[in-house]
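Let's learn to read a few packing features together. Have the viewer ready.

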Amino acid sequence: MNSFDLPRRLAAEALGTCALVCTVVGSGIMADMLSDDVAVSLLGNTIPTGAILVVLITILGPVSGAHFNPAVSFGFALRRDLPWGEFTPYVLAQIAGGIIGTWAAHLMFELDVVQLSQTVRSGSAQWFAEFVATFGLMAVILGGIKFRSDAVPWLVGLYITAAYWFTASTSFANPAVAISRSLTDTFSGIRPVDLPGFITAELIGAAIAVAVMGWLLKPED
């Protein structure tokens, strides 16, 4: 039973998603400034993202569960580990925190705070990549909780670090992050018009992972 009340849990979700998006967008800007090589820039974007996930899940996990991700919250709601009445507040807190994270990154690098991305990320390959990325993320979380709950921060951080490179979409795997990244016309951006395909694929990936892992991790009676 979580001992933290809903306002504190929502604050933790907003703060965590803010820090996550600020890291994604900020490290993308910095990496793009330091190198003209796209592969080097992607590496400079990948490592900080994986690292901050380990930190944030470790310190905020005991408060809110450290979802920082509407697809993860959706998965836990399907499992009834998150009451459906708290699902919408969780998602709104995550989206609000993520948008603030984008704005904070812009302020740090003296960019226009309000932007819209022009980066095209669309097509069946990208959508399937997001399905795979989110399925894998949810599966890693559920497997970690089942067998090594203390290792979940590292499991998630390492998975996202890997998924940046093995998915065609660079593994957004998070509707709140996708929405927030649509508001930055920098290295990590995505056009707002491309959001529906990404978000749909992410939610489907999380739901199917819940079903598959629910069967896989249940021992035979």
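Predicted model: local features only at pLDDT ≥ 70, side-chain atom pairs only at ≥ 80, totals over all residues.

Q: Which residues have the most contacts inside the largest nonpolar core?
A: In soluble globular proteins, nonpolar side chains tend to be buried together. A nonpolar core here is a set of buried Ala, Val, Leu, Ile, Met, Phe, Trp, Tyr and Cys residues joined through side-chain atoms within 4.5 Å; buried means under 20% relative accessible area, exposed over 50%, partly exposed in between (1.4 Å probe, protein chains only). The largest core has 45 residues, and L20, F68, F76, L137, M138, V156 and I160 have the most contacts inside it.

Q: What does I160 touch?
A: Contact means heavy atoms within 4.5 Å. Not counting residues up to four places away in sequence, I160 touches T49, L53, L137 and S171. A second, separate core of 5 residues includes A178, I190, L195 and F198.

Q: Is R9 buried or exposed?
A: R9 counts as buried because its relative accessibility is 11%. The C-alpha atoms of R9 and V63 are separated by 5.8 Å, although these residues lie 54 apart along the chain.

Q: And is L34 buried or exposed?
A: L34 is exposed, since its relative accessible area is 68%.

Notes: Residues numbered from 1 in each chain as written. Heavy atoms only, no water.
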